Amino acid sequence: MSTKTTGRKIVINPVTRVEGHGKVTILLDEKGNVQQTRFHIIEFRGFERFVQGRFYWEAPTIVQRLCGICPVSHHLCAAKATDVIVGAKTLTPTAEKMRRLMHYGQTLQSHALHFFHLCSPDLLFGFDAPVEQRNVIGVIKADPETAKKAVLLRKYGQEIIKATAGKKVHGTGAIPGGINKNLSIEERDVFLKDIDTILEWSIEAMELCKKIVKEKLEFFLKFGAFDSNHLSIVRKDGCLDLYDGLLRAKTADGKIIFDMVKPEDYLDYIAEEVRPWSYMKFPFIRSLGKEKGWYRVGPLARINNCDFIDTPLAEKERQELMSLTGGKPINASMAYHWTRMIEMLHSAEKIKDLLNDPDLQGTNLITQGTKQKRGVAWIEAPRGTLFHHYEINDNDQIVLANLIVSTTNNNEPMNQVVNVLAKDYLQGKSEITEGLLNTIEVGIRAYDPCLSCATHALGQMPLQVQIMNHEGKVVNELIRG
Amino acid sequence: MSTNVVTFTIDGVEVKSAPDKTIIQAADDAGIYIPRLCYLKDLPPGGHCRVCTVKVNGRPVNSCTYPVAEGIVVENDTEELNSFRRNIIEMLFVEGNHFCPSCEVAGKCELQALAYRLGLLTPQMPYLYAQKELDATHPDVYLDRNRCVLCGRCVRASIHLDKKNVFGFENRGINMRISVNSNDGLKDTDLTKDDKAMSVCPTGCLVVKRQGYLTPVGKRLYDKKPIGSEIETKTVKS
Ligand code: SF4
Ligand code: SF4
Ligand code: FES
């Protein structure tokens, strides 16, 4: 290839920098063909260093500050790793169920937030709709009833988190070997009173999502679609399990790559590639290598990977979705939204079951066993599989921490979606319209990356768009914000 | 007037006390809270921190070391003194390395509780980010100097209550630090987790291992009531 190609570089760069931010660069050649795309995520990885020297029982409380968006997942995953360290092989029923309740509360509120606040403006109004309409305010104006329910669904999830973790953000509930509180009858009754409404609203959300998608099914199945492997944990019997299980990976057409892998063996199956241009690593399945071994995680991967769901309403929805492809994995990016709603419904069903379980009022909260030097655990965070790995010294201090977060697991898929969309939508065009840029954002947003930029409603995200030639000279610039 | 009772006022409230008491002791007995950090009822006073400063007849003194006297006029809960106390607390925060949200003694920490009571929400002074040592060598306890406020309670408790001599101060000024009676850290001292010294630290510096976060948020010592309320709610002695 000639080194003299005159390329233009388009940069979509959110200006806000809070938790981490993303930047999209699309390099076009002279003719406007997509040469290369990159999705850069600037992510703060200092936490693995930060916990070094600290005590293992501090990990669940310290590491949740890694992420302002899903702290509960980090809290629980670290607690699960410290369960291994204190030798708590099986938790008491009260501890296990309190943690599950916390986790389903988190999943409910996170999925509700994503669907209503972030992606429904995209879905409802189309990607080209005016900026003023295509945001959460637009949704509220168009359908105030739905918007109100969205807020209350979120609130319900947050109150569950508070009742189990002690606080809505950065609680301390999960501790090595168990939990520090149970659910009182009074607390339980407050939640029981509303759970049927929550369930009803989750069904409505499911229906709304399906209705929107089915109206343009062909389009949604094609938009940003690409084949990938799928990775998630599943229960021993193949059931969907968001809190605990063994690791399973499937190919794009549904063949098992590995199954029933235990957390302590994760390094035999997963490796991480460093690419010079990105701060975020690229994980892959060892046996398939860097090129072919990358995978999707999150709601889509989980629904593709599991054999069934143990709550009736969500299972019915799973069957309906999977019938679209005759039971084979779905490889459409926009199917994330659909599967996210299945999981929201599942979480609501699980919360109802748990609230009716007297084990939550048990008083046996902590288990201890023989201390171990190494603790590895995983959990299905709302955005995908999350790995925590700690090693400690004789003084109980953490000497090594390795975390693979959901957004990192989805790093390559998000790069892929940018690439596919750039090729489909920008190819051959000389003018970069907002609509085209939004298209790429919509694709990324389907993966629900935990970036501060992703939490801004679309159309409100301040954007800096630069077009550069091959010498790095800015030839065109568009700033929105 | 009897010779074994003195009468004086704190913020205009009449207080009666035995003559051999300090102002802080008399105030405690009368149900009046004077903020403090290094003073602890069962230990001889240290007079290190100055948080307990009050004005006696217009002059600032340590109420934990200053004896009561007939007719003195004590000022305690005034904006001037409270802002002075706030400054001390703020300096202690920025001198150490305190991350309350993830700290295992948050909610029962006296430094944090004083900050809340005195209305110090975010320190304005620049953090020093000083390198401080964590001594984790002991199997059952740790000493995290990042959170030490040099109150000396551990020093006094070890000497007076445990009849040991585990802790001491070394260096001076900004370099002052708590030291232990061994060259190889806490593991080579005769400290045990059941020592009285282990229950006196006002912060998360001297802590028994593997006990963190056992109390849920909402049930911790200062979650419901501010520090000092345990004194203020005491029945006033006649
Ligand atoms: S010792 Fe107290 S002030 Fe320091 S971090 Fe812990 S709770 Fe905060
Ligand atoms: S270790 Fe605790 S008790 Fe001892 S001086 Fe430091 S803060 Fe005070
Ligand atoms: S409490 Fe009096 S000087 Fe510290």
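Start by selecting domain 1 and domain 2 of chain B: there are 0 salt bridges between domain 1 of chain B and domain 2 of chain B. The model on screen is a predicted one.

**Stop 1: the two domains of chain B**

Now show the residues at the boundary. Domain 1 of chain B brings 20 residues into contact with 21 residues of domain 2 of chain B. About 1,600 Å² is buried between the two domains, and carbon and sulfur atoms give 66% of that area.

With both partners at pLDDT 80 or more, 7 residue pairs are in polar contact between domain 1 of chain B and domain 2 of chain B. Colouring by class, the face of domain 1 of chain B that touches domain 2 of chain B shows 13 nonpolar, 4 polar and 3 charged residues.

**Stop 2: chain B as a whole**

Zoom out and select chain B in cartoon view. Its secondary structure comes to 6 helices and 10 strands. Along the principal axes, the C-alpha atoms of chain B fill a box of roughly 60 × 40 × 35 Å. The radius of gyration of chain B is 19 Å, which agrees with the value near 18 Å that a compact globule of 238 residues would have.

**Stop 3: chain A against chain B**

Bring chain A into view and select the contact between the chains. It takes 21 residues from chain A and 19 residues from chain B. Chain A and chain B bury about 1,700 Å² between them, with 61% of it on carbon and sulfur atoms.

How many salt bridges are there between chain A and chain B? The count is 3. One to display is Asp396(A) with Arg210(B), where the closest N and O atoms are 2.6 Å apart. Polar contacts between chain A and chain B number 6 residue pairs, both members at pLDDT 80 or more. By class, the side of chain A that touches chain B has 7 nonpolar, 7 polar and 7 charged residues.

Note on methods. Residues are numbered from 1 along each chain as its sequence is written. Chains are lettered from A and ligands numbered from 1 in the order in which they are written. This is a predicted model: local features need pLDDT of at least 70, side-chain atom pairs count only at pLDDT 80 or more; totals for chains, interfaces and linings use all residues. Side-chain values use heavy atoms; hydrogens and water are left out. Contact means heavy atoms within 4.5 Å. Buried area is the accessible area (1.4 Å probe) that two parts lose on being put together, summed over both. A salt bridge is a side-chain nitrogen of Lys or Arg within 4 Å of a carboxyl oxygen of Asp or Glu. A polar contact is a pair of N or O atoms within 3.5 Å; within protein, one must be able to donate a hydrogen and the other to accept it, and residues adjacent in sequence count only if both atoms are side-chain atoms. Ala, Val, Leu, Ile, Met, Phe, Trp, Tyr, Cys and Pro count as nonpolar, Asp, Glu, Lys and Arg as charged, and the others, Gly among them, as polar. Helices (H or I, at least four residues) and strands (E, at least two) are DSSP runs, numbered from the N terminus. The radius of gyration is taken over C-alpha atoms; the globule rule is 2.2 Å times the number of residues to the power 0.38.
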